[in-house]
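User: I would like to go through this model and ask, for each label, what stands behind it. Please set the values against the cut-offs where a cut-off is needed.

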Amino acid sequence: MTKRPLPQAAFFCNNSRAIDNVYGEQRIEAVRSRTRLYAGTVGLSNFTEHVPHLQELEYIFTTWGFPSLDESQIASLPRLKAVFYAAGSVQGFARPFLASGVKIFSAWAANAIPVAEFTLAQILLSCKGYFRNTRECHLPDYRQSHRKCHSGTGIYGNSVALIGFGMIGRKLADLLRPYHLDVMVVDPFVPDEMLAAHQARRVTMEAAFAEAYIVSNHLPNLPATKGILNEPLFSSMRQDATFINTGRGAQVVEADLIRVLQDRPDLTALLDVTFPEPPVADSPFYTLPNVQLSSHIAGSIGHEVHRMADTVIEEFDRLVNGDPTRYEVTEKLLETMA
């Protein structure tokens with residue numbers, strides 16, 4: 001029996017260093033062993049010069065920095081079957097590929113793991129009142145009044161609201177399970193049986209902000225979610241509550257959040273994302289004592305990025321071997337995913 005020749009594949013990225021970072025030599029070699037791997041890294045600036053050599057291209061491997069191609073550019077790759085994206089959201093580029101009949105596979109589930117872990121740490125510390133407590137430990141009279149520093153209500157039996165229950169929210173709910181927290185969820189698209197499986201209960205947005213001690217944003221990055229978190233919600237938060245944002249900064253009306261934080265020093269905001277990112281030079285986020293900024297580190301960093309490469313290589317193996325894949329992105333999924 002004639003053995004089918006290996007399919008042609010190529011790395012596409014506007015920054016070849018991103019390929020080196022996410023895949024590294026070990027994962028690049030894994031792709032090379034499975035395909036006829038094209039020698040160059042294709043970006044938007046050199047796409048045209050590479051096209052004549054890619055007429056047999058079937059598979060693209062990529063990560064952050066994937067060039068957004070239009071349908072005419074995709075059509076110039078007549079045998080292209082699938083894109084394997086070793087990163088999270090595909091909202092910025094997926095639709096022209098799907099319209100052209102090219103499958104998209106994303107490592108969004110792998111990228112959800114570190115976000116859930118990061119948020120778990122912040123939730124547990126927030127329940128203990130850690131962030132406000134450490135602020136007060138730096139006040140001038142700390143040595144005389146350290147026993148009066150703020151402490152939270154503790155972890156056991158406390159309440160957490162997850163705004164959005166996609167892959168990150170579900171992983172986070174599972175991580176929270178051993179801590180005996182009341183997990184509330186705001187997500188109209190999630191069926192009741194899924195909430196039950198993750199031991200969470202559905203609430204309205206208003207109830208989430210008014211009742212939960214910790215509110216954590218995990219909304220998908222969609223036009224409908226822009227500016228959805230506003231002053232009435234933030235003003236309704238419980239005494240000493242914490243707002244965590246690892247979703248997107250644009251989902252928050254930041255001027256509203258700033259006003260509420262200025263009026264209520266009991267509240268704490270932990271912001272891994274802002275809009276713009278980083279905040280503008282004169283943003284009060286830099287000076288408000290009840291705000292902690294981090295530089296969008298919740299997602300995959302360091303060695304964690306290799307998990308995303310492993311995920312898409314595993315998806316490639318499943319696809320070419322005829323096994324069920326796990327992380328294909330469809331038009332329907334794009335309507336609600338991050």
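Analyst: The model is predicted. A place to begin is the pairing of β9 and β10, which run parallel and are joined by four bridges.

User: Why are β9 and β10 called paired strands?

Analyst: Two strands pair if at least two bridges are found between them. β9 and β10 have four bridges, so they count as paired. One of the links is between N217 and its bridge partner in β10, N245.

User: What joins β9 to β6?

Analyst: Four bridges join β9 to strand β6, residues 159–163, and these two strands run parallel. The bridge partner of V160 in β9 is I214.

User: What is the order of strands in the open sheet with parallel pairing?

Analyst: The order is β8-β7-β6-β9-β10-β11-β12, seven strands in an open sheet. β8 (201–202) and β12 (291–293) each have a single partner strand, so one side of each has no neighbour in the sheet, and these two are the edges. At the β12 end, three bridges join β12 to β11 (residues 268–271), in parallel.

User: Which way do the residues of β9 point?

Analyst: In β9, residues 214–217, I214 and S216 point one way, while V215 and N217 point the other way. Residues on both sides are buried: I214, S216, V215 and N217.

User: Why is I244 called buried?

Analyst: Buried means under 20% relative accessible area. I244 has a relative accessible area of 0%, so the residue is buried. I244 lies in strand β10, residues 242–245.

User: Which residues are in contact with I244, leaving aside neighbours within four places in sequence?

Analyst: They are T119, Q122, I123, I214, V215, S216, N217 and L270. T119 is 125 residues from I244 along the chain, yet their C-alpha atoms are separated by 7.8 Å. For the chain as a whole, 67% of the contacts with a separation of 6 or more are between residues 24 or more positions apart.

User: Why is H296 called partly exposed?

Analyst: The class lies between buried, under 20%, and exposed, over 50%. H296 has a relative accessible area of 36%, so the residue falls in between. H296 is in the loop between β12 and α14 (305–320). Its phi is near 55 degrees, a positive value in a residue other than glycine. H180, in the loop between α9 and β7 (182–186), also has a positive phi, near 60 degrees.

User: How do you know that the bond joining F275 and P276 is cis?

Analyst: Omega of that peptide bond is about 0 degrees. P276 is in the loop between β11 and β12. P278 is found in the loop between β11 and β12 as well, and the peptide bond from E277 to P278 is cis, with omega near 0 degrees.

User: What makes β2 and β13 the edge strands of the sheet with mixed pairing?

Analyst: β2 (36–42) and β13 (328–329) each pair on one side only. The sheet is open, with six strands in the order β2-β1-β3-β4-β5-β13. β2 is joined to β1 (residues 8–12) by four bridges, running parallel, and A9 has L37 as its bridge partner in β2. Helix α2 (residues 24–34) lies across β1, β2 and β3 (57–62), at about 130 degrees to β2.

User: What lines the largest cavity, by class?

Analyst: Its lining has four nonpolar, five polar and three charged residues. Among them are S126, H150, Y213, D240 and D266. Helix α7 (residues 130–136) gives the largest share, three residues. The space in this cavity is about 60 Å³, and the structure holds one cavity of 30 Å³ or more.

User: How many residues line the largest pocket, and which are the closest to its centre?

Analyst: The lining has 49 residues, and H218, P220, T336, M337 and A338 are the closest to the centre. By class, 27 are nonpolar, 16 polar and six charged. α6 (108–127), α9 (167–176) and α15 (331–334) each supply at least two of the lining residues. The pocket holds about 1,200 Å³ of space.

Conventions:
Residues numbered from 1 in each chain as written. Predicted model: local features only at pLDDT ≥ 70, side-chain atom pairs only at ≥ 80, totals over all residues. Heavy atoms only, no water. Contact = heavy atoms within 4.5 Å. Axes fitted to C-alpha atoms, helices over the stretch in contact; angles between N-to-C directions. 1 Å grid on protein atoms, 1.4 Å probe; cavity = no way out; pocket = protein on both sides within 12 Å on 5 of 7 lines; lining within 4 Å. Points joined across faces, edges and corners; volume = space filled by probe spheres on them. Nonpolar A, V, L, I, M, F, W, Y, C, P; charged D, E, K, R; others polar. Buried < 20%, exposed > 50% of the residue type's maximum accessible area, 1.4 Å probe, protein only.
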